[in-house]
Amino acid sequence: MAGSSTSTFVIRWINFLTMILAILVVGFGFWMSTHNDECRRSLTIPVMGLGGVIFLMSLAGFVGAWKNISCLLWTYLIMLFVVLVAIMVFTVLAFIITNTGTGHAVPGSRYKEYRLQDYSSWFVKQLNDTDKWTHLRSCLVKSDDCNSLSNRYKTLKQYKLAELTPIESGCCRPPAECGYPALNASNFDLSYHPVSTNVDCKLYKNDRFLRCYDCNSCKAGVAQYMKTEWRVVAIFNVILFIILSFVYFVGCCARRHAGGSDSKVPRR
């Protein structure tokens, strides 16, 4: 009986610590939501949802060990196994999807430009979906990403030395290959005939509601942002997977020990 008591004690406190971990996962998701606008919160709800599932799962394990309810403990272990498989699958897919795409240097500038064809076919398919892009586009127009550039960079020299974000580089200005001279950080001289056949050159307008929001370069900027966001979550999931794997291993050992102890109790 001592072995059974020890095993339930271990499971109880392991799950108590896992509940704290779940709260931290939810907190991480909340942090993501406060640092991104509504356009760029694609992974916030899934992360917070994962934290909620881990919390409920750990609560079941904690109560099962506390009240010695065997079915709750087995349910907990099965749920934990499913969560581990789901985390592993998502993390592998995230690393595969984000393995392509990078910025291209712009001569005379510190910022980079991005090309949609460099990214995974999944990203491209999502961004080329008319309904999804219409929603993203409306969010980008409402944001201050483009409208605040002229306030932040008063001179062209400051603008060229600025490290623009992927979205600022792709959505707020025409591609450098178009050859449009910059008047300031927000406007370009469109009287020049573009020296490139890139369709984005004709799509760009100085209008704050148009800019380059319909350009492939803008979609590429969003893809780069999504890639970075997915990478952060993937790395976080690797750490979470290691911790939960340890919890699962300890839980299985504890249950096995408890089962062995129970079977050795003499019957009367």
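In this predicted model, helix H2 (residues 44-66) packs against helix H3 (residues 70-97) at an angle of about 155°, and their axes are 8 Å apart. Helices here are DSSP runs (H or I) of at least four residues, and strands are E runs of at least two, numbered from the N terminus. Axes are lines fitted to C-alpha atoms, for helices over the stretch in contact, with angles from 0 to 180 degrees between N-to-C directions. H2 is therefore roughly antiparallel to H3, a term for angles over 145 degrees.

The contact (heavy atoms within 4.5 Å) involves residues of H2 including Leu 50, Val 53 and Ile 54, and residues of H3 including Leu 72, Tyr 76 and Ile 87.

The UniProt record, an unreviewed entry, places the feature "transmembrane region" at residues 12-31, 43-66, 72-97 and 232-251; such annotations may be inferred rather than shown by experiment. In the model, residues 72-97 are 100% helix, with end C-alpha atoms 37 Å apart.

Side chains of opposite charge can pair when their charged atoms come close. Four salt bridges are counted, each being a side-chain nitrogen of Lys or Arg within 4 Å of a carboxyl oxygen of Asp or Glu. In one, Glu 163 pairs with Arg 110, with the closest N and O atoms 2.6 Å apart. Because Glu 163 lies in the loop between H7 and H8 and Arg 110 in the loop between S1 and S2, the pair ties together parts that are 53 residues apart in sequence.

Residues are numbered from 1 along each chain as its sequence is written. Local features need pLDDT of at least 70, side-chain atom pairs count only at pLDDT 80 or more, and totals for chains, interfaces and linings use all residues, while side-chain values use heavy atoms, leaving out hydrogens and water.

Terms used: Parallel < 35°, antiparallel > 145°, perpendicular 65-115°, else oblique.
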